[in-house]
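This report describes a single protein chain for a reader who is new to structural analysis. Please keep the sequence and the three-dimensional view at hand while reading.

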Amino acid sequence: MSQQDFKDAFFVFGGAKGSLSQVECGQCIRGLGFSITDDALRSKVGASVDLNGFLAVVNGLSSPTDADNTALQDSLAVFDKYNNGTIPAKEFAHMVTILGDRFTEAEAAEVMKFSQDGRIDHEAMHKKLIA
């Protein structure tokens with residue numbers, strides 16, 4: 001990804017105001033395909049960040065590796081109780097709001113968009129997440 005891609009993403013999320021809130025910054029970074037915890041974001045960004053601050057944060061991140069993608073796939077498969085390629089949507093949405101780097105309710109609602117008939121095809125979700 002180029003510096004121009006980062007700048008474009010900044011302006012999509014920040015608009016004309018010229019800055020991103022901490023939440024918008026996290027959404028923008030994750031939208032670019034990077035992974036950053038809320039704690040790491042808090043340590044790098046105050047209440048808001050301008051373009052130069054944003055570029056400094058993003059340039060310090062590395063893209064997910066194949067090992068990261070495999071770890072994500074393995075993590076999703078843990079919830080596949082019946083080894084049939086699906087996970088219970090409500091249970092998964094609940095678990096991601098209470099375990100580890102917790103999802104917000106809005107992020108859990110996004111997960112539910114992968115649900116069909118109360119189940120999530122975790123392979124399809126994995127492919128969408130790493131695309």
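## Basis and overall layout

Helices (H or I, at least four residues) and strands (E, at least two) are DSSP runs, numbered from the N terminus. The model is a predicted one, in which local features need pLDDT of at least 70 and side-chain atom pairs count only at pLDDT 80 or more, while totals for chains, interfaces and linings use all residues. Residues are numbered from 1 along each chain as its sequence is written, and side-chain values use heavy atoms, with hydrogens and water left out.

The chain contains eight helices and five strands, arranged along the sequence in the pattern α-β-α-α-β-α-α-β-α-α-β-β-α. Its C-alpha atoms fill a box of roughly 50 × 30 × 25 Å, taken along the principal axes. Of the 131 residues in the chain, 30% are buried; buried means under 20% relative accessible area, exposed over 50%, and partly exposed in between (1.4 Å probe, protein chains only).

## Nonpolar cores

A nonpolar core is a set of buried Ala, Val, Leu, Ile, Met, Phe, Trp, Tyr and Cys residues joined through side-chain atoms within 4.5 Å. The largest one has 18 residues, and Phe6, Leu20, Cys25, Ile29, Leu32 and Phe54 have the most contacts inside it. Helix H1 (3-14), helix H2 (22-31) and helix H4 (51-59) each supply at least two residues of this core. The largest share, five residues, comes from H4.

Not counting residues up to four places away in sequence, Ile29 touches Phe34, Ile36, Leu41, Phe54, Val57 and Leu61; contact means heavy atoms within 4.5 Å. A second, separate core of eleven residues includes Phe92, Ala93, Val111 and Met125.

## Cysteines

A disulfide is a covalent bond between the sulfur atoms of two cysteines. With the criterion of a pair of cysteine sulfur atoms within 2.5 Å, a search of the whole structure finds zero disulfides. For Cys25, the nearest cysteine sulfur is that of Cys28, 6.8 Å away. Cys25 is buried because its relative accessible area is 0%, and Cys28 also counts as buried, at 1% relative accessibility.

Phe114 lies in the loop between H7 and strand S4 (115-116).

Leaving aside neighbours within four places in sequence, Phe114 is in contact with Arg119, Ile120, Asp121, Met125 and Lys128. The C-alpha atoms of Phe114 and Met125 are separated by 6.5 Å, although these residues are eleven apart along the chain.

## Two loop residues with positive phi

Most residues other than glycine have a negative phi. Asn83 is not a glycine, yet it has a positive phi of about 50°. Asn83 lies in the loop between H5 and strand S3 (86-88), and it counts as exposed because its relative accessibility is 69%.

Asp117, also not a glycine, has a positive phi of about 55°. Where does Asp117 lie? Asp117 is in the loop between S4 and strand S5 (119-121). Asp117 counts as exposed because its relative accessibility is 81%.
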